[in-house]
Amino acid sequence: MPELPEVETIANGLNQRVQNDRIESVWIGKKKEPLKSPAAEIARTLEGTLITGVRRVGKHIVFDLKPFDLKPERGPGTRQWVVHLGMTGRMLVTAPGSEIEKHTHLIAKLSSGRELRFVDPRRFGRLEVREESFAGPGTEPLLVELEDFIKLFRKSKAPIKAALLNQKLLHGVGNIYADESLFRARVRPRRRANTLTKAEMEKLHAAVRKVLQEAIAAGGSSISDYVDADGEAGFFQIQHRVYGREGEPCLVCKSPIKKIVVGGRGTHYCAKCQK
Ligand SMILES: [Zn+2]
């Protein structure tokens, strides 16, 4: 599943390719699962708009749209097209007439002649349109200040790993980056969130941002089969220090990395380095 750094990379790639292009018409497939808004509403909202920008909000891709034709029924306001990639969703920018992949659920024809396509074999991805500004459910991990970060977790009795994954608290930290952040902060994943000291919270706050920023700089680190906005595979992978390294020696102390389950998710840590 693409995590925050991958979504950031994809959103930036889309922004470079389709900003200031216009959506002329929209085709939507028959499968209902990817449609969080009704098909007719998605088509009506997208058609006849200028894409003013594409950005990441949490793990969502948000297209900011502005009507460019003057049909009065559209109203003057801006609106958003919000895409969640789910497990296997991809947004492709294709040349006109290029072959339509199986599991294509939406095609937006652009004024440039290219097409923006949403492809998703497993159909956990979601397409939604909104009139008001989409902010996402939780706090943005790359922007949150230390004081607010501490407040998020102060009252939680959940294991810190589960709290990091709770999208109502921090929006967009996934399994890989939660494990990597906890390792760097030297905090055990099962520690109850409300037992972390201020010093540990400071380390964790810094670690979450550092891990995500490094991964964004490396172009995301997904190990699954999705591609960037050009349809090309091949993201760099940051070196995971604990994630996926069960039984291998810790890079700091050489003890074997352990794997446990916390909040239903496979969790990797070093029992010697993390307290
Ligand atoms: Zn260690």
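Strands β6 (residues 104-110) and β7 run antiparallel and are joined by 5 bridges; strands are DSSP runs of E of at least two residues, and helices are runs of H or I of at least four, both numbered from the N terminus. Two strands count as paired if DSSP finds at least two bridges between them. The model is predicted, with pLDDT of at least 70 required for local features and 80 or more for side-chain atom pairs, while totals for chains, interfaces and linings use all residues. Residues are numbered from 1 along each chain as its sequence is written, and side-chain values use heavy atoms, without hydrogens and water.

β6 and β7 form a hairpin with 4 residues between them, and Gly113 in the turn has a positive phi of about 100°. Thr104 lies opposite Val119 in β7. Strand β5 (residues 90-94) also pairs with β7 in the antiparallel sense, over 5 bridges, and Arg90 has Val119 as its bridge partner.

In a regular strand, side chains alternate between the two faces of the sheet. In β7, Glu115, Arg117 and Val119 on one side and Leu116 and Phe118 on the other are all buried (under 20% relative accessible area, with exposed over 50% and partly exposed in between; 1.4 Å probe, protein chains only). Because 5 of the 5 residues of β7 (residues 115-119) are buried, the strand is largely enclosed by the rest of the structure.
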